[in-house]
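Colleague: Shall we go through this model together? I would like to take it topic by topic.

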Amino acid sequence: MSTPIPRRRRLAALALAFGFAAAALSPAAEPSPSPAQADNPIVQTIYTADPAPLVHNGRVYLYTGHDEDGSTWFTMKEWRVWSSDDMVNWTDHGSPLNIDTFAWARQDAWAGQAVERGGKFYWYVPVVNDATGRMAIGVAVADSPTGPFRDAIGHPLVENGEIDPTVFIDTDGQAYLYWGNPNLWYVKLNADMTSYSGGVNQIPLTTQGFGTRPGGTSRPTLYEEGPWVYKRNSLYYMVFAAQCCSEFIAYSTAPGPTGPWTYRGTVMPTQGSSFTNHPGVIDFKGSSYFFYHNGALPGGGGFTRSVAVERFAYNADGTIPLINMTSTGAPQVGTLNPFVRQEAETIAWANGVETERASEGGMNVGWIENGDWIKVKGAAFSTGARSFTARVASATSGGRIELRLDGPNGALVGTCTVPGTGGWQTWTSVSCAVSGASGTHDLYLKFTGGSGYLFNANWWQFTA
Ligand code: FUB
């Protein structure tokens, strides 16, 4: 059930951290800068970190950490999952994995990665082992990319006090798990993905392999943490967070999965207001994408980070070009179909709302106040929409959903009235007429009404 407390707490934390004037907390306040144009960072409802994208069945599943509001350390209790089939509208799948999933873990839901094998999804994560007080790598398993995930083995898969696992399955079927800070390690995973053979191997951190760190510190190479290993054509890539602090993203390549590695240079310079960064690289629908994190949301910084994405193209020789952080993000791949059920938590940009578990399954959008809105990018109305239906609930007296095109104050093509339903999870469907919506537009669901929380939204759909 939605309660008003978390959102108020979040706004207060944002205000404190960002030095906002009280007026900036008004319901109509919009994140800056230019939220209607921006698509980075990917998630606006919470702080996210340590992206790990996975392509499965025509969708990108994005696994992230969750920086708690107002954090002054890497205070992270759960991991989150998001998905998209167009790289701009992202569906919130909530948190199917948290510290409590591992009965032996104490804290620190830090940077991990998920992979699919044989119809199961394996998510490797670093956590503190309660018994030893050291960082260990756990493995969770699920039958779906969105979980629920359960502890696969009931104990750490491997433990040496180091963090940031990345998993890679080679074309010959051999899987590898790499991790480490300050060192770099790997094991060869068995086919069950939950055990390994051949012991724990250390990758030599040579300056030839991982570059030279300036300043003559105890760490001679640039390698810091957050490795991301993959193969393209016959070349193996290890992208990693380099130098500290602030980090930049660098990479090395090798002719095989265990090296020898050769340092290749910078992927993303030190940019943004987070002193850490974390890479995730995929190919999707014919393009290549680079995921990372920064501190771009209001209140953002080193412990309140946000995941973002850029599209890029490899150079002809296989090297990675320099990639800069942008607020524009990756272009949309295709369009969004407004004539099929769309989850309310499928969002290109959210202004003022949050999400939570819905009693009907999945997530819903909540904490909606007068003037809040959700942008859904590139909705293809084709020759026109006739009506709109939304699944809604309200413990108060409801409000209205204004359907606007191309901006929160853009052309109004319909208005649906939401009644009180007797509870925040007491769902009903409301419909209204639509006129003037044809072609492809960014759709804004703008929420209006009285004061306080108005209603929750679970899903919506237009009729043609
Ligand atoms: O998010 C916690 C830690 O910060 C990660 O494990 C590191 O990679 C750094 O991003």
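Colleague: Where is Leu 222 found?

Modeller: Leu 222 is in the loop between α2 (207-210) and β15 (223-232). Helices (H or I, at least four residues) and strands (E, at least two) are DSSP runs, numbered from the N terminus. As for the source, this is a predicted model, in which local features need pLDDT of at least 70 and side-chain atom pairs count only at pLDDT 80 or more, while totals for chains, interfaces and linings use all residues. Residues are numbered from 1 along each chain as its sequence is written, and side-chain values use heavy atoms, with hydrogens and water left out.

Colleague: Is Leu 222 buried or exposed?

Modeller: Leu 222 is buried, at a relative accessible area of 5%. Buried means under 20% relative accessible area, exposed over 50%, and partly exposed in between (1.4 Å probe, protein chains only).

Colleague: Which residues is Leu 222 in contact with, leaving aside neighbours within four places in sequence?

Modeller: Among them are Phe 210, Pro 214, Phe 240, Phe 248 and Tyr 263; contact means heavy atoms within 4.5 Å. Thr 206, 16 residues apart from Leu 222 in sequence, is 9.5 Å from it in space, C-alpha to C-alpha.

Colleague: Turning to the ligand, which residues surround it?

Modeller: The ligand is surrounded by Asp 50, Phe 74, Met 76, Trp 110, Ala 111, Ile 163, Asp 164, Glu 225, Thr 276, His 278, His 293 and Arg 305. A residue is taken as near if one of its heavy atoms lies within 4 Å of the molecule. By class, this shell has five nonpolar, three polar and four charged residues. Here Ala, Val, Leu, Ile, Met, Phe, Trp, Tyr, Cys and Pro count as nonpolar, Asp, Glu, Lys and Arg as charged, and the others, Gly among them, as polar.

Colleague: How many Å separate an oxygen atom of the ligand from Asp 50 and from Asp 164?

Modeller: A polar side-chain atom of Asp 50 lies 2.5 Å from a ligand oxygen, and a side-chain N or O atom of Asp 164 is 2.5 Å from an oxygen atom of the ligand. The protein buries 99% of the 270 Å² that the ligand exposes when taken alone; accessible areas come from the Shrake-Rupley method with a 1.4 Å probe.

Colleague: Now the backbone. Where are the cis peptide bonds?

Modeller: One joins Gly 147 and Pro 148, with omega about 5°, and another joins Cys 245 and Ser 246, with omega about 15°. Pro 148 is in the loop between β8 (135-142) and β9 (150-151), while Ser 246 is in the loop between β16 (235-242) and β17 (248-254).

Colleague: And what is the phi of Asn 57 and of Trp 367?

Modeller: Phi is near 50° for Asn 57 and about 55° for Trp 367. Most residues other than glycine have a negative phi, and most peptide bonds are trans. Asn 57 is exposed, with 70% relative accessible area, whereas Trp 367 is buried at 8%.

Colleague: Last topic: how many residues has the largest nonpolar core?

Modeller: The largest nonpolar core has 47 residues, and those with the most contacts inside it include Trp 79, Val 239 and Phe 290. Such a core is a set of buried Ala, Val, Leu, Ile, Met, Phe, Trp, Tyr and Cys residues joined through side-chain atoms within 4.5 Å. Strand β7 (residues 120-128) gives the most to this core, with five residues. Apart from it lies another core, of 33 residues, including Leu 336 and Val 430.

Terms used: Polar contact = N/O pair within 3.5 Å; in protein donor to acceptor, adjacent residues only side chain to side chain.
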